[in-house]
Amino acid sequence: MARILECVPNFSEGRDKEKVEQIVEEVRKVKGVTLLDYSSDETHNRSVVTFVGEPEAVIEAAFNAAKKASEVIDMTTHQGGHPRMGAMDVCPLIPIKEVTMEEAIELSKKLGKRIGEELGISVYLYEKSASKPERENLAVVRKGQYEGMEEKLKSEGWEPDFGPVELNKKSGVSAVGARMPLVAFNVNLNTDNVEIAKAIAKKIRAKGGGFAYCKAMGLLLEDKNLAQVSMNLVDYTHTSVYHAFEFIKREALRYGVNVVNSEVIGLVPMDALLDAAKWYLQIDEFDHSQVLETRLHD
């Protein structure tokens, strides 16, 4: 059976389409890799690329994309709504088929070492690959963002896992690690008051006493003039899409605000959406094998 590893690198460029295409082209060129999706957000100034394939080929594609990003992205001039610390800001590896989490961890270390040595970029291992408990959470690793990384790299306990201690000013710092499938889920509110979105994000995220597997922040979508609660659901089997959505709807009403719409960034596991459909429609004893496309795939 084919061994399949997924990779979902995030790049700190969402406005210059030519630069994004150059990065994505590095993925397309690698034999044994299939590009599934890529999307850009101008407000976040960030692009998310999703590809799968044979593990070694995926690692090659990820490295080539990181190299191209280091050539075309200049972090000294980067601005955007999403937290970031490097050109290839984060590069998660997700085991999909016939690949264990332990293998994905070793592959992440191989990729991180190569980025550090060949590109001269400081790399932190995070999530399942973390070398220290405090490095498991990406938000903790990225705290201080690009502007604070020069000092952080030299702080006791925050030496990089790979690469130089000195900040690569053009490319910044990258995080590489193995993790579960993640759902990037955003909810837009019919207000331009970003403080409302920030207040809701503070209540829903794990750090604020909310859902255990939710990371969230509030920001303003300037092109739409809407406040947004932007989330990463790092384990949708424990913090579901529908529970997060309903919580935001109810909290928004406290401020006299409604939800306009929501969006999924990148790809999402089918089960996450089927669970939402089952919950909202109150379908009794629904089995995912009842989905036509699932049976055809089998």
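Tyr 124 counts as buried because its relative accessibility is 0% (buried means under 20% relative accessible area, exposed over 50%, partly exposed in between, with a 1.4 Å probe and protein chains only). Keep in mind that this is a predicted model, where local features need pLDDT of at least 70, side-chain atom pairs count only at pLDDT 80 or more, and totals for chains, interfaces and linings use all residues. Residues are numbered from 1 along each chain as its sequence is written, and side-chain values use heavy atoms, leaving out hydrogens and water.

**Aromatic pairs**
- Rings of Phe, Tyr and Trp (its six-membered ring) pair if their centres lie within 6.5 Å; planes under 30 degrees apart are stacked, over 60 edge-to-face, and the rest tilted.
- That rule gives five aromatic pairs.
- One of them is Tyr 124 with Trp 158, edge-to-face at 5.7 Å centre to centre and 85° between the planes.
- This pair links distant parts of the chain, with Tyr 124 in strand β6 and Trp 158 in the loop between α5 and β7, 34 residues apart.
- Helices (H or I, at least four residues) and strands (E, at least two) are DSSP runs, numbered from the N terminus.
- Trp 158 is buried too, at 15% relative accessibility.

**A charge over a ring**
- Lys 152 lies over the face of Trp 158, 4.3 Å from the ring centre (the rule: NZ of Lys or CZ of Arg within 6 Å of the ring centre and within 35 degrees of the ring normal).

**Helix α5**
- In α5 (residues 145-153), the buried residues are Tyr 146, Met 149, Lys 152 and Leu 153.
- On the other side of α5, you'll find Glu 147 and Glu 151 exposed.
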